[in-house]
Amino acid sequence: MSRSLSLTAAIIFVSSALAFSQEPPSTEIRPDATASTTEVTPSADNSLPTVPPASQTTPSDSATEAEPTIVRSERSVYVPYEDLEKLFEEEGRGVFLPYKEFLDLWNELTLEQEEVKVQPPADGVVTSANYTATVEGADDQVLAVEAVLEVESFKDEGWAVVPLIKAGLHIAEAETGEATLHLGQNGYELLLPRKGNYQIRLLLYAKIAQSAGRNQVVINLPRAGVSKFEATLPETGWDFEIKPGAAYSTQPVEGDRTRLSFFFGETESFDIVWQKQGEESSLQPLLFVETEQYSRVIPGALQTDISLNYRILRA
């Protein structure tokens, strides 16, 4: 667009110069309605035009008459913009433009323009995470979680630092490839040496608290854009509760087991509680006992009689 405007401006400038150089400027004097008529006659030798003297007027008439107004004529310059190639295709024809405009056009064609780089808001992010958990250990007291993290670095040069989680991440094994797992002041971090995508595999452990048929585990996991959690638990017929609340689904799998699945995003820590259906309404046994004790002193000894009366209100 800038080239077209510069070329058009140059053509207008050249055409205007040619037009004004070929025709002499004309000047006409238009008197007012009350003024006398003045006629300008060119001389024979193309010298300056002679103007006859004006008629004599009285002082009162000259006071009321206005000065004559000089009107300059305007010319219209027409530039052919549709047939520019035909106009300049002959040898010797061209366009004159200022040297500065020529340099601007030349640099625009020959010099590479530097692109303004916009810095990303973060060095890198965890784009997605997939967690698969199973119950292990004696009496099913440990939840083992296999985590697969997809991480992307945006930094062109140097190391990128991607925070994982502040605290509470119990890592047993880690496969990071070119990345480095680092425990800093703000928790676990990933150090990425170059721009690109990385896959991180972690093995995590969490303790399962058991009480009266109720199982509870608190899990701290890295936050990602999209996270999916699946856990396979022994037996079937479980009722689940997830805090903070999340929509979940369950399905039985072979081997008399249950698979729990749900998605989460912003939450880094959540609780999973599961217990058998109907056990949440069962009551603890209730037992009362009354004790009577009677003591007396006999020669050389202290004799004591104790009586216990039990009452079972709820078994």
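These legends accompany close-up views of a predicted model. Local features need pLDDT of at least 70, side-chain atom pairs count only at pLDDT 80 or more, and totals for chains, interfaces and linings use all residues. Numbering starts from 1 along each chain as its sequence is written, and side-chain values use heavy atoms, with hydrogens and water left out.

**View 1**
Helices (H or I, at least four residues) and strands (E, at least two) are DSSP runs, numbered from the N terminus. Of the 315 residues, 20% are buried. Buried means under 20% relative accessible area, exposed over 50%, and partly exposed in between (1.4 Å probe, protein chains only). The accessible surface comes to about 23,300 Å², and carbon and sulfur atoms hold 52% of it. Areas come from the Shrake-Rupley method with a 1.4 Å probe; for residues, only the protein chains shown count as cover. Among contacts (heavy atoms within 4.5 Å) with a separation of 6 or more, 64% join residues 24 or more positions apart.

**View 2. A nonpolar patch on the surface.**
Leu287, Val289, Ile306, Leu308, Tyr310 and Ile312 form the patch, with about 650 Å² of accessible area together. Patch residues have over 30% relative accessible area and no salt bridge; like charges are joined within 9 Å, nonpolar side chains (Val, Leu, Ile, Met, Phe, Trp, Tyr) within 5 Å. A salt bridge puts a side-chain nitrogen of Lys or Arg within 4 Å of a carboxyl oxygen of Asp or Glu. Strand 16 (286-298) and strand 17 (301-314) each supply at least two residues. Strand 17 gives the most, with four. Leu287 lies in strand 16. Leu287 counts as exposed because its relative accessibility is 53%.

**View 3. The largest cavity, about 70 Å³.**
The count is one cavity of 30 Å³ or more. A cavity is a set of points, on a 1 Å grid over the protein atoms alone, where a 1.4 Å probe fits but cannot get out; lining residues have an atom within 4 Å of a point. Points are joined across faces, edges and corners, and the volume is the space filled by probe spheres set on them. The lining includes Val145, His170, Tyr205 and Asn220. Strand 9 (196-211) and strand 10 (214-220) each supply at least two lining residues.

**View 4. Gln277 in the loop between strand 15 (269-276) and strand 16.**
Gln277 counts as exposed because its relative accessibility is 54%. Beyond its neighbours within four places in sequence, Gln277 contacts Gly237, Trp238 and Asp239. The C-alpha atoms of Gln277 and Phe240 are separated by 9.3 Å; the two residues are 37 residues apart along the chain.

Methods:
1 Å grid on protein atoms, 1.4 Å probe; cavity = no way out; pocket = protein on both sides within 12 Å on 5 of 7 lines; lining within 4 Å.
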